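Hi,

Here is the structure I promised to pass on.

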Amino acid sequence: MDRQIDTIFVDLGDTFRVIRKDEAYMTAAKTRIAELLGVETDPVAFYRDVIEPRYDKYREWALHFYCEAPVKELWIRWLAYDFPRERVEAAADEMTYAYRKTKGERVVTDGGVETVKELYRRGYTLAIVSDLVGTEEVDEWLDHDGLRPYFKSVQQSSVCLIRKPHPAIYYYALAETGSDPQRTCYVGDNLNRDIVGAKAAGLGMTVGVQYPGKKPQEVTDENRPDVFISHFSQLLDLFPPLK
């Protein structure tokens, strides 16, 4: 283990935050999308038959070009191109947040808050580097949970418009934190995006997250992290207090 690490970048989805399934919560989000678009048919069926297939096409495009579309463009071009443009533009931010909620409620993983606070206390510079759609959710969550002071940089693909594994999103975080790449570690669950991207950006260490119950990923020379963890709090075993 490289004891010279002094900066830790973390992923959000299935790393620092996990999804808690709640059918009522998810159905309410699908209903809200339909309401905002003025859809009068069954909102669950509309989401299943219209929004999801269109989002799949968008995601294929986004993954191919390692980018994220601006929120309004996402809805105007891919998800609701056959609805009145003014209506779509006015509701784009709220619909994007609602789309995220259709997958379930996102909560910090067990021990996540305590681990972040302890790493911060131990002297590490912390940052978030995450792929997600929408520009309001993360800011709202950080403020609501009182976690913003612990992260020196928050890079979201929906804001910088670049997705992992493109190294540029890591470079933005490095620039904002003022960190040395070789003294920086990335923690993420998706080997082919998180780990490959971190290596491409020249980060000095990578940690792969494999929580119990998650399907194992194929490990290759390209996407192999330096170490795997099965609980977020295990980061405290890897990173002792800085001198």
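Below is what I found in it.

This is a predicted model, so to speak for local features a pLDDT of at least 70 is needed, and side-chain atom pairs count only at pLDDT 80 or more, while totals for chains, interfaces and linings use all residues. Residues are numbered from 1 along each chain as its sequence is written, and side-chain values use heavy atoms, with hydrogens and water left out.

The protein has 10 helices and eight strands (DSSP runs, H or I of at least four residues for helices and E of at least two for strands, numbered from the N terminus). Its C-alpha trace spans about 60 × 35 × 35 Å along the principal axes. Of the contacts (heavy atoms within 4.5 Å) between residues at least 6 apart in sequence, 69% join residues at least 24 apart.

Now to the cores (sets of buried Ala, Val, Leu, Ile, Met, Phe, Trp, Tyr and Cys joined through side-chain atoms within 4.5 Å). The largest nonpolar core has 29 residues, and Ile8, Phe16, Trp141, Phe151, Leu235 and Phe239 touch the most other members. At least two residues of this core come from each of β1 (7-10), α5 (112-121), β4 (125-130), α6 (137-145), β6 (184-188), β7 (205-209) and α10 (235-238). Another core, of 27 residues, lies apart from it and includes Leu36, Val39, Val88 and Met95.

Best wishes

Definitions and conventions
Buried means under 20% relative accessible area, exposed over 50%, partly exposed in between (1.4 Å probe, protein chains only).
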